[in-house]
Amino acid sequence: MQKSGEKNSVMLINPGWQQLDEPFEHLGLGYLAASLRHVGIETTIMDVPLTGATVATMAKQIHAGGIALVGVSITFQESAREALRGITQLKKETGVTIVVGGIYPTLAAQEIMAL
């Protein structure tokens with residue numbers, strides 16, 4: 001149980017991408033959320049292509065929801081720069097710890113760090 005003022009929730013983000021023709025549900029984040037919830041960690045998924053959530057919307061929820069950690073999945077190399085711009089803005093607005101994963105960062109960690 002969360003104590004007043006204690007941050008122990010997680011937000012998982014499937015970022016938007018301007019070139020995406022058709023939104024898709026991110027099953028990987030669903031599996032990760034289910035695993036976190038199974039061990040008692042409150043988890044929210046922000047699926048930007050499906051919901052149209054903005055950085056401002058996510059920042060508001062982070063401030064209000066006791067979010068201690070944000071995980072962002074970058075699936076496509078072509079979407080990395082756009083996703084990282086949103087991540088940078090979210091970090092500036094909230095100061096929350098943000099981790100990045102997904103297919104592309106797993107295979108190109110050094111390249112992601114250089115963007």
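Author: Start at Met11, whose bridge partner in S3 is Val70. Two strands pair if DSSP finds at least two bridges between them. Strands (E, at least two residues) and helices (H or I, at least four residues) are DSSP runs, numbered from the N terminus. A word on the model before we go on. This is a predicted model, in which local features need pLDDT of at least 70 and side-chain atom pairs count only at pLDDT 80 or more, while totals for chains, interfaces and linings use all residues. Residues are numbered from 1 along each chain as its sequence is written, and side-chain values use heavy atoms, with hydrogens and water left out.

Now the strand itself. S1 and S3 pair in the parallel sense, over five bridges. S1 and S2 are parallel too, again over five bridges. There, Asn14 has Asp47 of S2 as its bridge partner. Step back and you see an open sheet of four strands. The order is S2-S1-S3-S4, and the pairing is parallel. S2 and S4 (97–101) are the edge strands, since each pairs on one side only. On average, neighbouring strands are turned by 20 degrees against each other, direction ignored. Such angles run from 0 to 180 degrees between N-to-C directions, with axes as lines fitted to C-alpha atoms, for helices over the stretch in contact.

Is S1 mostly covered or mostly open? Six of its six residues are buried. Buried means under 20% relative accessible area, exposed over 50%, and partly exposed in between (1.4 Å probe, protein chains only). Both faces are covered. Ser9, Met11 and Ile13 lie on one side. Val10, Leu12 and Asn14 lie on the other.

Met11 and Ile13 are among the residues with the most contacts inside the largest nonpolar core, which has 23 residues. A nonpolar core is a set of buried Ala, Val, Leu, Ile, Met, Phe, Trp, Tyr and Cys residues joined through side-chain atoms within 4.5 Å. S1, H3 (55–64), S3 and H4 (80–94) each supply at least two residues. H4 gives the largest share, five residues. Leaving aside its neighbours within four places in sequence, Leu90 is in contact (heavy atoms within 4.5 Å) with residues including Ile13, Met58 and Val70.

H1 (residues 27–38) lies across S1, S2 and S3, at about 165 degrees to S2. Its buried residues are Leu29, Ala33 and Leu36. Seen down the axis, they fall within an arc of 65 degrees, so they line one face of H1. The arc is that of the directions from the helix axis to the C-beta atoms. Why does such spacing work? An α-helix has 3.6 residues a turn, so residues three or four places apart point the same way. What covers the buried residues of H1 includes S1 (9–14), S2 (43–47) and S3 (67–73). The face turned away carries the exposed Leu27, Tyr31 and His38.

Last, H3. Its buried residues are Val55, Met58, Ala59 and Ile62. They cover an arc of only 100 degrees, which puts them on the same side of H3. They pack against S1, S2, H2 (48–51), S3 and H4. Ala56, Lys60 and Ala64 are exposed on the face turned away.
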